[in-house]
Amino acid sequence: MDTLSDNAIMLKVKSGETFRLGLLYERYKKRLFGFFFQMNRDASLSEDLVQNVFIRVLKYKHTYTEDSTFVTWVFQIARNLCYDNYKKATNNRHKDIDEIEHVVVTSEGNIEQKITKEEHVKVLKEALKYLPTEKRELLILSKFKELKYKEVGEIIGCSEGAARTKVHRAMNDLKNIFLTLEKR
């Protein structure tokens with residue numbers, strides 16, 4: 001059963017074999033948790049949101065089509081849940097992303113290089129706080145969750161080229177904020 005594609009499993013779920021959803025849950029729970037955690041910095045809330053994604057998958061299984069890929073469909077659901085949660089929250093301040101440390105500080109070097117990288121990570125985390133939620137979300141999906149531009153475009157409702165452009169602009173904004181903060 002593990003050899004079936006996500007799309008094939010979802011089509012089986014759609015046709016009434018709801019017990020197969022567990023396999024999709026196992027395949028996607030970590031990626032979804034990471035997405036939610038990077039957006040809200042609350043582990044407990046992120047776990048709840050992952051569960052809610054799969055509740056919505058069951059609720060809206062009839063809307064899944066063979067034309068879409070499961071990964072983009074499930075991240076659209078996750079994105080909508082994230083926005084719903086964001087609207088409900090009273091504290092809308094931007095929060096940093098600890099996972100950047102794993103992306104930036106990966107190579108071994110001398111102590112000076114490590115200190116410099118750690119300082120850059122700190123400034124980068126601070127810069128991410130200043131990005132608007134939409135741009136931060138684009139960077140999380142494309143750079144941290146490593147989705148293709150086509151998938152990002154499907155999730156946010158635009159073409160692959162538009163997604164590429166939006167990610168590029170978000171990266172430029174992040175770079176400008178980073179450079180401004182680094183000068184302080």
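This is a predicted model: local features need pLDDT of at least 70, side-chain atom pairs count only at pLDDT 80 or more; totals for chains, interfaces and linings use all residues.
User: Where does E146 lie, and what is its phi?

Analyst: E146 belongs to the loop between α7 and α8 (149-156). Its phi is positive, about 55°, although E146 is not a glycine.

User: Which residues of α2 are buried, and which helices do they pack against?

Analyst: The buried ones in α2 include L21, L24, Y28, L32, F35, F36 and M39. The buried residues of α2 pack against α1 (6-14), α3 (43-59), α4 and α7. Helices here are DSSP runs of H or I with at least four residues, numbered from the N terminus.

User: Where is the kink in α2, and how is a bend defined?

Analyst: Helix α2 (residues 21-40) has a kink of about 50° centred on Y28. The bend at a residue is the angle between two fitted axes, one for the seven residues ending there and one for the seven starting there.

User: What makes α4 and α7 roughly antiparallel?

Analyst: The label needs an angle over 145 degrees, on a scale from 0 to 180 between N-to-C directions. The axes of α4 (residues 70-88) and α7 (residues 133-144) cross at roughly 150° and come within 13 Å, therefore the two helices are roughly antiparallel.

User: Is the crossing of α4 and α7 left-handed or right-handed?

Analyst: It is right-handed, a term used if the near helix is turned clockwise from the far one by less than a right angle.

User: Which residues of α4 and α7 meet?

Analyst: F75, R79, Y83 and Y86 in α4 meet T133, E134, E137 and L141 in α7, where contact means heavy atoms within 4.5 Å. These residues divide into four nonpolar, one polar and three charged.

User: How do α1 and α2 cross, and which residues meet?

Analyst: Their axes come within 9 Å and cross at roughly 145°, and the crossing is left-handed. D6, I9, M10 and V13 in α1 meet L21, L23, L24, R27 and Y28 in α2.

User: What rules sit behind these values?

Analyst: Residues are numbered from 1 along each chain, and side-chain values use heavy atoms, without hydrogens and water. Local features need pLDDT of at least 70 and side-chain atom pairs 80 or more, while totals for chains, interfaces and linings use all residues.

Note on methods. Angles under 35 degrees count as roughly parallel, over 145 as roughly antiparallel, 65 to 115 as roughly perpendicular and the rest as oblique. Ala, Val, Leu, Ile, Met, Phe, Trp, Tyr, Cys and Pro count as nonpolar, Asp, Glu, Lys and Arg as charged, and the others, Gly among them, as polar. Buried means under 20% relative accessible area, exposed over 50%, partly exposed in between (1.4 Å probe, protein chains only).
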